[in-house]
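Reader: I would like to go through the pockets and helix packing here. Please give me the cut-offs as we go.

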Amino acid sequence: MSQGLIFLGAPGSGKGTQAQVLAQNLGIPHISTGDMLRQAISDQTELGAAAKSYMDKGELVPDELILNLIRERLGQEDAQKGWILDGFPRNVPQAEFLDRLLEEITHQIQWVINLQVPDEVIVQRLLLRGRADDSEATIRHRLEVYREKTAPLADYFQAQGKLQSIDGHRAPEQISQQLQALVAA
Ligand code: ADP
């Protein structure tokens, strides 16, 4: 039975960075749906073409584009010893899908890590990052989408006793240390 971690947290919370470091230390794959979609766009696949306009606007990509991607990715060999999901699930229907899928493939969520960072800090960080979808208007819209669609997942996983809220407004090394200690416990 393989166990996984999920990183929640607003865009710019640092979840991608932390997920990557932790995955490397644990020797398990870091599965970022945002990275997978950006790869699909650069590979000019059908998925990439379908996803691009949503991403440019800071909207969520429709669930049907994401669910198969996750099902396939979690079925791969390297995911059988554990995984870190970053950017998925992003709304309640995706979380419900994941719960059903994990039951089917006998995987389990160990912890859902909610990295918490104040909004003003987030906007500043994202403006500095300067990715293609990081204009101020798009950033503000992504934060709204996060609040409306993704933030309710904290309650969803809290109800399952899986949620760990972590202060993300600290030095990256301090956060990494706390996460290491958490997964080792
Ligand atoms: P950020 O953490 O800055 O929001 P991501 O790389 O996680 O960046 O996601 C970038 C974009 O990819 C999102 O704004 C959204 O359009 C799309 N996306 C990523 N994951 C999902 C998902 N699980 N469901 C729907 N859309 C997604």
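Author: By class, eight nonpolar, four polar and two charged residues line the second largest pocket. This is a predicted model, where local features need pLDDT of at least 70, side-chain atom pairs count only at pLDDT 80 or more, and totals for chains, interfaces and linings use all residues. Residues are numbered from 1 along each chain as its sequence is written, and side-chain values use heavy atoms, with hydrogens and water left out.

Reader: Which residues are closest to the centre of the second largest pocket?

Author: Of its 14 lining residues, Ala-10, Val-117, Asp-119, Tyr-146 and Ala-151 are the closest to the centre. Two or more lining residues come from each of β4 (107-116), α6 and α7. The volume is about 200 Å³.

Reader: What makes a space a pocket, and what is its volume?

Author: On a 1 Å grid over the protein atoms alone, a pocket is an open set of points with protein on both sides within 12 Å along at least five of seven lines, and lining residues have an atom within 4 Å of a point. The volume is the space filled by probe spheres set on the points.

Reader: What is the volume of the largest pocket?

Author: About 780 Å³. Its lining has 40 residues, and Lys-15, Gly-34, Arg-38, Arg-90 and Arg-131 are the closest to its centre. Helix α2 gives the most, with five residues. The classes are 14 nonpolar, 15 polar and eleven charged.

Reader: Why are α5 and α8 called roughly parallel?

Author: Helix α5 (residues 92-104) and helix α8 (residues 152-159) pack at about 30°, with axes 10 Å apart. Angles under 35 degrees count as roughly parallel, and 65 to 115 as roughly perpendicular, over 145 as roughly antiparallel, the rest as oblique. Therefore α5 and α8 are roughly parallel.

Reader: How do you know that α5 and α8 meet?

Author: Contact means heavy atoms within 4.5 Å. Val-92, Ala-95, Glu-96 and Asp-99 in α5 meet Leu-153, Tyr-156 and Phe-157 in α8. Five of these contact residues are nonpolar, none polar and two charged.

Reader: Why is α6 called oblique to α7?

Author: The axes of α6 (residues 119-129) and α7 (residues 136-150) come within 10 Å and cross at roughly 135°. That makes α6 oblique to α7. Their contact has six nonpolar, no polar and six charged residues.

Notes
Axes fitted to C-alpha atoms, helices over the stretch in contact; angles between N-to-C directions. Helix = DSSP H or I, 4+ residues; strand = E, 2+ residues; numbered from the N terminus. Nonpolar A, V, L, I, M, F, W, Y, C, P; charged D, E, K, R; others polar. 1 Å grid on protein atoms, 1.4 Å probe; cavity = no way out; pocket = protein on both sides within 12 Å on 5 of 7 lines; lining within 4 Å.
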